[in-house]
Amino acid sequence: MDKKPLDALISSTGLWMSRTGMLHKIKHHEVSKRKIYIEMACGERLVANNSRSSRTARALRHHKYKKTCRHCRVSDEDLNNFLTKTSENASIVKVKVVSAPIIRKALPKSVSRAPKPLENPESAQATVNASGSASEPAMAKSAVSSPVPVPVPVPALTRSQVERLETLLIPGDKISLNAGMLFRELESELLARRKDDMQRIYAEERENYLGKLERDITKFFVERGFLEIKSPILIPAEYIERMGIDSDTELSKQVFRVDKNFCLRPMLAPNLYNYLRKLDKVLPDPIKIFEIGPCYRKESEGKEHLEEFTMLNFCQMGSGCTRENLESIIKEFLDYLKIDFEIVGDSCMVYGDTLDVMHGDLELSSAVVGPIPLDREWGIDKPWIGAGFGLERLLKVKHDFKNIKRAARSESYYNGISTNL
């Protein structure tokens, strides 16, 4: 059964699940092309992607929650409605049934001794009577000489076995888990393939996909006049508030805080704002900068999210900062990476109106044409354009990975190949 999108799940229950596992009662919600605008009964507002596989969608689908919001006053009827909704069917592994080898059993004593061969071939005709029927000894021998094979089903794969095999599979594999093979045969075949892949990479390539993509992107933007930036990963917690992210918003709850004054950056934008303000006093118009580096958010669940991920942000300030120029840079960049895309209009709580860069249902980037009201907090008063891309999502698309963790910094995968061999 297809997974329902998030808007269908919340419409059927009237409830919202926060990242902390708290159930809220929805007072009002609106659905745009890809976003849901939600107002809770307690007054909290948020904007969420209308995803089928987000953390909240999975929690609503599996009826998991920790507590209810005391301000929303979720009723017993609401809870009962939430808990009794029928779950979607779990995935079923189909196994092909094959015939077992023929086993010849010992004959009973009464027929175990075959008659001696006839010395005279013509006397064999004596075993057939005038009507053409075989004699009794010949019929008895024929009746027991060819036992009927008994089909034996191949044992069904367990969930843990399926997960193990799926970990070993890569997009280029021409092998099916429904092939009617035993688990140990499938695993042995896939292990041999992955060991060959790792040996080939070590002998011929020796480049990590993520590192190579960073180098390719750096080359692309440097050749087009952008200045590469490397800013701190540990930033003042004040920067988050200056980005318009209050302590009670969802993004604020995702921040890794080191102490009350510092946190790991959840985005590159604050540092790039500071660079634009300072470089505006030194560099000629227009100013073009970019940065590639790690960011951190508490959103590890799902096939599209990581707690540690790599961002590319590029921006231009001054002349030439138009939507047409921004879309031109994005098109040239993604054509360079050979990735199909489309650009659609959207909005978010930090930047307001945005341009979302989509590959199918997967969001690759949010792009903005400034100025925006937030600029005043950072001392910026000139037009600007910019966009942010997640490198792991770009790799997921380029290599057709089913899970984004294959593209991430990891000890479990190398270039999408499991290292548990």
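## Helix packing and strand pairing in a predicted model

S252 sits in helix α9 (residues 250-253). Helices here are DSSP runs of H or I with at least four residues, strands are E runs of at least two, and both are numbered from the N terminus. The model is predicted: local features need pLDDT of at least 70, side-chain atom pairs count only at pLDDT 80 or more, and totals for chains, interfaces and linings use all residues. Residues are numbered from 1 along each chain as its sequence is written, and side-chain values use heavy atoms, with hydrogens and water left out.

Is S252 buried or exposed? S252 is buried, at a relative accessible area of 5%. Buried means under 20% relative accessible area, exposed means over 50%, and partly exposed lies in between (1.4 Å probe, protein chains only). Leaving aside residues up to four places away in sequence, S252 touches I245, D246, S247 and R257. Contact means heavy atoms within 4.5 Å.

**Helix pairs**

Two packed helices are described by the angle between their axes and the distance between the axes. Axes are lines fitted to C-alpha atoms, for helices over the stretch in contact, and angles run from 0 to 180 degrees between N-to-C directions.

| Pair | Axes come within | Crossing angle |
|---|---|---|
| α7 (residues 209-223) and α11 (residues 323-337) | 11 Å | roughly 140° |
| α5 (residues 159-168) and α6 (residues 183-205) | 9 Å | roughly 20° |

α5 is therefore roughly parallel to α6. Angles under 35 degrees count as roughly parallel, over 145 as roughly antiparallel, 65 to 115 as roughly perpendicular, and the rest as oblique. α5 passes α6 in a left-handed crossing. From α5, Q161, R164, L165 and L168 meet F183, L186, E187, L190, L191 and R194 of α6. That contact has six nonpolar, one polar and three charged residues. Ala, Val, Leu, Ile, Met, Phe, Trp, Tyr, Cys and Pro count as nonpolar, Asp, Glu, Lys and Arg as charged, and the others, Gly among them, as polar.

α7 and α11 are oblique to each other. Their contact involves L213, D216, I217, K219, F220 and F221 of α7, with I329, E332, F333, Y336 and L337 of α11. By class, eight residues are nonpolar, none polar and three charged.

**Strand β10**

Nine of the ten residues of β10 (residues 308-317) are buried. Strands pair if DSSP finds at least two bridges between them. β9 (residues 287-296) runs antiparallel to β10, joined by ten bridges. Y296 stands opposite E308 of β10. β10 also runs antiparallel to β14 (residues 384-390), through seven bridges. There, M311 has G390 of β14 as its bridge partner.

Technical notes:
Left-handed = near helix turned anticlockwise from the far one by under 90°.
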